[in-house]
Amino acid sequence: MSGDDEDKVRDGVSLTNLDQPLFEGANATKRDLVNYLDAVRDRIIPVLRDRPLSVVRVLRGQEPFMQKNVPKYAPPWVAKVPMWAETSKREVSYALCNDRRTLLWFANQRAIEYHPMLIRADGWEHPTDLIMDIDPPSADAFPLVVRAAHLVRRALADSGLAGAVKTSGAKGVHIFVPITEDAPIEDVAAATRAIAARAERLDPELATTAFIREDRGGKVFLDSTRAGGATVVAAYSPRIRPGVPVSFPVAWEELDRVTPADFTVHTAARLIADHDPWADQLPEPQRLRPDLIEEGHTIPVARVQAMHEGKRRARARRAEGH
């Protein structure tokens, strides 16, 4: 088979329009996306396997959009799992990206970002990881993110836990704490809130748990809302940003020496070489301490609190207007 023929069909998947730009500012083609995902398939498929998957696609000349439901034209070999979506009041048929040809099919569909759930399809009630999403106050504040990540690491250690860190591929980082699958979603969510609060107390001038942006005062946001049915962009997933950066694992001792732009679809596969830094860095699943869960249950759920506070402020503004 010639190189051209191999480009057009891989693992039974027909590939099309490979020389089209991915999106404006990508500095990459669809071929670059396909080649990158195929090169890292043995690393990214394990973090996607058996997890309901949402993808972000960019069709030529259109705005990016998130796709949850598997399209009706998907090949029959794309594994699917039905799940009731409370927000849209309908059943969603999520894909499971469990093999190379499914990954290649998604790449050919111009699926650039891969956002798996924190639960497996066969374990809806028990998240596999506790996640802290650390977001800077501005795009150029990654050094502050690094300092906040070390706060979270200290808070985790003080709580008997350890985590691995990766760039988000955007402005911040994600800390993953693998947990034993015996804690219900509500308890994992509570423990996440408690870790965020403990990290905030270590340096309240640097970090905040304030969900409403205007309340953050230029501080790094410790987002504790990624729990249960939430999704987090997968390790090794590309992002729809200039240069197509990827979410990439970083050793704790290297975190202050990198920037998110260091890892792209052009560089990341070479950096991985023949090992799997994400699998290497993830600790074994850990049990959440009861005191952590109890503390978390005393902390209001950020999104709910923010919704009520937003309504209260709107009422106050209307009253002032009268």
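Visitor: Which helix gives the most to the lining of the second largest pocket?
Guide: This is a predicted model. The second largest pocket has a volume of about 450 Å³, and of the 26 residues lining that pocket, the closest to its centre are Val 47, Arg 51, Arg 120, Asp 129 and Leu 282. At least two lining residues come from each of α3 (41-48), β10 (173-178) and α8 (277-281). The most, 3 residues, come from α3.

Visitor: How many residues in the lining of that second largest pocket are charged?
Guide: By class, the lining has 17 nonpolar residues and 1 polar residue. The charged residues in the lining of the second largest pocket number 8.

Visitor: Which elements do the buried residues of α3 pack against?
Guide: The buried residues in α3 are Arg 43, Ile 44, Ile 45, Val 47 and Leu 48. Just after the helix, Asp 50 has a positive phi of about 65°. The packing partners of the buried α3 residues are α2 (30-39), β3 (53-57), α4 (100-108), β7, α7 (268-272) and α8.

Visitor: Is Thr 128 buried or exposed?
Guide: Thr 128 sits in the loop between β7 (111-116) and β8 (129-135). Leaving out residues up to four places away in sequence, Thr 128 touches Arg 51, Leu 118, Arg 120, Val 177, Pro 178, Ile 179 and Glu 181. The cut-off for buried is under 20% relative accessible area. Thr 128 has 5% relative accessibility and therefore counts as buried.

Visitor: Which residues of strand β9 point the other way from Ala 164 and Lys 166?
Guide: In a regular strand the side chains alternate between the two faces of the sheet. In β9 (residues 164-167), Ala 164 and Lys 166 point one way, and all the residues on both sides are buried. Those pointing the other way are Val 165 and Thr 167.

Visitor: What is the bridge partner of Val 165 in β13?
Guide: β9 pairs with β10 in the antiparallel sense over 4 bridges, with Lys 166 opposite His 174 and Val 165 opposite Ile 175. β9 also pairs with β13 (residues 249-250), in the antiparallel sense over 2 bridges. In β13, the partner of Val 165 is Val 250.

Visitor: Which residue in the hairpin of β9 and β10 takes a positive phi?
Guide: This hairpin has 5 residues between the strands. The residue with a positive phi, near 85°, is Gly 169.

Visitor: Which strands stand at the edges of the 6-stranded open sheet?
Guide: The strand order is β11-β12-β8-β10-β9-β13, with mixed pairing. Two of these strands each have a single partner, so one side of each is left without a neighbour in the sheet. The edge strands are β11 (207-208) and β13.

Visitor: What angle does the direction of helix α6 make with that of β8?
Guide: Helix α5 (residues 142-158) packs on the sheet, touching β8, β10, β11 and β12 (220-223), and its direction makes about 15° with that of β10. Helix α6 (residues 185-202) also packs on the sheet, touching β8, β11 and β12. The angle between the directions of α6 and β8 is about 40°.

Visitor: Which residue takes a positive phi in the hairpin of β5 and β6?
Guide: β5 (residues 79-85) and β6 (residues 90-96) pair in the antiparallel sense over 7 bridges, and Val 81 stands opposite Tyr 94. Between the strands there are 4 residues. The residue with a positive phi, near 55°, is Lys 89.

Definitions and conventions
Residues are numbered from 1 along each chain as its sequence is written. This is a predicted model: local features need pLDDT of at least 70, side-chain atom pairs count only at pLDDT 80 or more; totals for chains, interfaces and linings use all residues. Side-chain values use heavy atoms; hydrogens and water are left out. On a 1 Å grid over the protein atoms alone, a cavity is a set of points where a 1.4 Å probe fits but cannot get out, and a pocket is an open set with protein on both sides within 12 Å along at least five of seven lines; lining residues have an atom within 4 Å of a point. Grid points are joined across faces, edges and corners, and a volume is the space filled by probe spheres set on the points. Ala, Val, Leu, Ile, Met, Phe, Trp, Tyr, Cys and Pro count as nonpolar, Asp, Glu, Lys and Arg as charged, and the others, Gly among them, as polar. Buried means under 20% relative accessible area, exposed over 50%, partly exposed in between (1.4 Å probe, protein chains only). Contact means heavy atoms within 4.5 Å. Two strands pair if DSSP finds at least two bridges between them. Axes are lines fitted to C-alpha atoms, for helices over the stretch in contact, and angles run from 0 to 180 degrees between N-to-C directions.
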